[in-house]
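Subject: Structure handover

Hello,

Here is the structure I promised you. My notes on what turned up in it follow below.

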Amino acid sequence: MKHKLFKLSIIGVIIIFCSSNTWAKEARNISIDEVLRLTEMNSPRLSASKMREIIASKSVDVAKANYYPTLSAEAIDDTGFAGSNGLLGVGGLMSSPYRSGYGAGLVAQQIIYDFGRTYYDVEASRHEVELSKQDTRVTLYQIKQLALQTYYECAFFRTERDIWGRLSHESGVITNEVQHFVDTGQVSIVDRYLSKAQTEEAQTQQAFFADRLKKSIHELAIIMNVANENFSCPPLPKELTRSLNPDTGIESSPLLAKAIVSTKVAQSRLNQEKSGFYPKILAIASVGEMASAREVQKKAYSGGIAVILPLVDLHTSGEIQRASAQLSAKTEDVEAEKQYLNQMNAKYDLIIHSSKVRLQHLREEYALAKKAFDVAKNRYFSLEGELIDLREAFRNIARVETEIEASRTQLLQASGSKALLNGGAG
């Protein structure tokens, strides 16, 4: 007897030691804040969007270029009928009909006043830079939304794995007791098979959620763009992280901000097209040398100021009509975005409120289910109750626990998604 007790003690120590090593090797739990941070830091989509911001900023410099003069070196040489080479595109002295032979020099042009053409081009380019930034915010929202949904799914799988692990252990205890009763002839052998089936069902659920947890961790690693999967998801947290505020209004949403900035771009482009019917004042000057001059005295410089007033320009008229239609469409986009945000907020609010109500009742239901299970277990172990009562109580408590965690997952996902949608991420 003493030898048997000694062997059992040794086995117990070995089990405890192995269990300790298993928990010691358990991967660290990752937080939702870290997931969102790594997703933002390592996202190629976000990096590409930020590069587009840089490209857009260069458009401002391009638009501003019309404020400054242009200087070019030009040369020409011709023969035959003098002054018949205007279509060659040279300017200044080199384009004079009084020149013959070769000509070469410098030509400078400056827009003195274009009645808003350059101003609205610069304004629109600046709005496009802001639009590019809002595009980046929308991209950030999209990748964080995916990360958040996946993270809380992963946490749900971890919680379910742990729940079924505990239930599997509990079912194993019941099965051992049933086996004892069968061996002593106190209950039918059918109870043993039913109890083993119940334990196998719990182990199946545990293995199922353990595998889903593993695959979900792999998916998170891809979303965060990290090579090592040396982390695990924690059990479902009790509340949403403080960095996410689901009470933020739609006014801060990146989707709405993008639509509003798009309207500003369209308005500036419309103003730019309308300025095409206004006058334009130009100055041109050139210096150079030519082979010879006819009819007039030869000089080495020229200069002048011109006023250009468009009278009929169907191209500009068409551009104005198109820009006006574009502005109308962008204005409607703002209203459409507001409607979408209100719809999504209403959807999230429905999930949040209904989940809270469901959780309140499920917690009361769990208290009753736990009491029923304890009573059924004590009655069966005392040979006062039937196994079917204990199995029903076992399945009921498992169902309630699963529904509680599923409702908590929906609550966390809806609250976090609402915060991200409305720009409530700290």
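A cavity here is a set of grid points where a 1.4 Å probe fits but cannot get out. Its volume is the space filled by probe spheres set on those points. Please keep in mind that the model is predicted.

**The cavity**

With a threshold of 30 Å³ or more, the count is one cavity. The volume of the largest cavity is about 60 Å³.

Its lining consists of Ser-171, Ile-174, Ser-195, Gln-198, Leu-387, Leu-390, Arg-391 and Phe-394. By type, that lining splits into four nonpolar residues, three polar and one charged.

Which helices supply at least two residues each of the lining? They are H4 (117-183), H5 (189-224) and H8 (387-421). H8 gives the largest share, with four residues.

**The H7 and H8 packing**

H8 also packs against another helix, H7, which covers residues 314-381. The angle between H7 and H8 is about 160°, and their axes lie 7 Å apart. Angles over 145 degrees count as roughly antiparallel, so H7 and H8 are roughly antiparallel to each other. Their crossing is left-handed. The contact of H7 with H8 is made up of 24 nonpolar, seven polar and 13 charged residues.

To recap H8: this helix supplies four residues to the lining of the largest cavity and packs with H7 at about 160°.

Best wishes

Technical notes:
Residues are numbered from 1 along each chain as its sequence is written. This is a predicted model: local features need pLDDT of at least 70, side-chain atom pairs count only at pLDDT 80 or more; totals for chains, interfaces and linings use all residues. Side-chain values use heavy atoms; hydrogens and water are left out. On a 1 Å grid over the protein atoms alone, a cavity is a set of points where a 1.4 Å probe fits but cannot get out, and a pocket is an open set with protein on both sides within 12 Å along at least five of seven lines; lining residues have an atom within 4 Å of a point. Ala, Val, Leu, Ile, Met, Phe, Trp, Tyr, Cys and Pro count as nonpolar, Asp, Glu, Lys and Arg as charged, and the others, Gly among them, as polar. Axes are lines fitted to C-alpha atoms, for helices over the stretch in contact, and angles run from 0 to 180 degrees between N-to-C directions. Angles under 35 degrees count as roughly parallel, over 145 as roughly antiparallel, 65 to 115 as roughly perpendicular and the rest as oblique. A crossing is left-handed if the near helix is turned anticlockwise from the far one by less than a right angle, and right-handed if clockwise.
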